[in-house]
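Colleague: Can you take me through a few local features of this one? I'll ask as we go.

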Amino acid sequence: MTKRLLLCYRRMLHLNMKRKIVCKFTILHKYFSSFWNKMLACWIGKSINYRQLSHNQSFPSTTTTMNMASPPLSAVASSESGFSGSLASTCCCDHSKDSSEDVVALKISLLGDNQIGKTCFLTKYVGKEKAAEEDFSTKGLNQMDKTLCVRGTRISYSIWEVKDDVSAPTNIPMACKDSVAMCFMFDLTSRCTLNSVISWYQQARQYNQTAIPVMIGTKFDDFVKLPLDLQWTIASQARAYAKAINATLFFSSATYNINVNKIFKFITAKLFNLPWTLERNLTIGEPIIDF
């Protein structure tokens, strides 16, 4: 009897020690997250109050299979066609009207490291497999146009892509000057390109203080093949960065046309104060939209 009591006592001590270790680890994790967010705020030069959501609050458990966590990419891509709500009848591609008519010309910049899918993203939206003769292309810069009709007004988006990291310092001023929106892009499968977003933002803001910031993660179709715990880690870091630069975050795929059109619809609605509702999505395994 004494031996049993002694054994139970030892088990209780062991459990209590485990609980204390878990508790201390949780507190340490919270302090580290708080310190990391404050450090990000110092880099950006503004305050940040970011609350990371728990796994069961917004993300499925890492033991969930991918088939349960995410719908097929083809189903996600099919939801991209057309505007929802009141924008459905106000925005359309229009190339039939005389080019001499009044057109509102607006500029958008795409910034990010090499090999992250910026050019594929641009050509998917513009609808060109390769740049036409009238499009501007030079070393380190690429520019394409897209014309829309919004409530009877023709809008021509001139989209500038900074495509060369080496010459980026000299091309960023040209790409960002007079832009109405700046898209800071990174590869969802490459953590180093995500870490570069802060640097791109700081450089771009030197030449443009008013443009709408948008943060875009590319190659979502490859991202969903990663382990769920790694997806959660990358998504949490991307959300923290987007919060720090006050940008709306989109996960996208040019291959499956996921969130490509929606990003420009969001920019259009934001610029012209159109009543279009953007739905937030924080579910791991699905293309995240956070704001």
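Modeller: A word on terms to begin: helices here are DSSP runs of H or I with at least four residues, numbered from the N terminus. The model is predicted.

Colleague: Fine. Where is Asp221 found?

Modeller: Asp221 is in helix H9, residues 220-223.

Colleague: Is Asp221 buried or exposed, and which side chain of opposite charge is nearest?

Modeller: Asp221 is buried and has no salt bridge. The nearest side chain of opposite charge is Lys225, 5.8 Å away. The cut-off for a salt bridge is 4 Å.

Colleague: What joins the side chains of Asp221 and Ser253?

Modeller: A polar contact of 2.9 Å.

Colleague: Changing topic. At roughly what angle do the axes of H5 and H11 cross?

Modeller: Roughly 75 degrees, with the axes of H5 (residues 118-126) and H11 (residues 260-272) coming within 9 Å. H5 is therefore roughly perpendicular to H11.

Colleague: Which residues make the contact?

Modeller: From H5, Phe121, Lys124 and Tyr125; from H11, Val260, Asn261, Ile263 and Phe264.

Colleague: Backbone next. What is the phi of Asp178, and where is Asp178 placed?

Modeller: Phi is positive, about 70 degrees, although Asp178 is not a glycine. Most residues other than glycine have a negative phi. Asp178 sits in the loop between helix H6 (168-176) and strand S6 (181-187), and is exposed, with a relative accessible area of 62%.

Colleague: And Asn259, what is its phi? Buried or exposed?

Modeller: Asn259 is not a glycine either, and has a positive phi of about 65 degrees. Asn259 lies in the loop between strand S8 (248-251) and H11. Asn259 counts as buried because its relative accessibility is 2%, and buried means under 20%.

Key: Residues numbered from 1 in each chain as written. Predicted model: local features only at pLDDT ≥ 70, side-chain atom pairs only at ≥ 80, totals over all residues. Heavy atoms only, no water. Helix = DSSP H or I, 4+ residues; strand = E, 2+ residues; numbered from the N terminus. Buried < 20%, exposed > 50% of the residue type's maximum accessible area, 1.4 Å probe, protein only. Lys, Arg positive; Asp, Glu negative; His and termini not counted. Polar contact = N/O pair within 3.5 Å; in protein donor to acceptor, adjacent residues only side chain to side chain. Axes fitted to C-alpha atoms, helices over the stretch in contact; angles between N-to-C directions. Parallel < 35°, antiparallel > 145°, perpendicular 65-115°, else oblique. Contact = heavy atoms within 4.5 Å.
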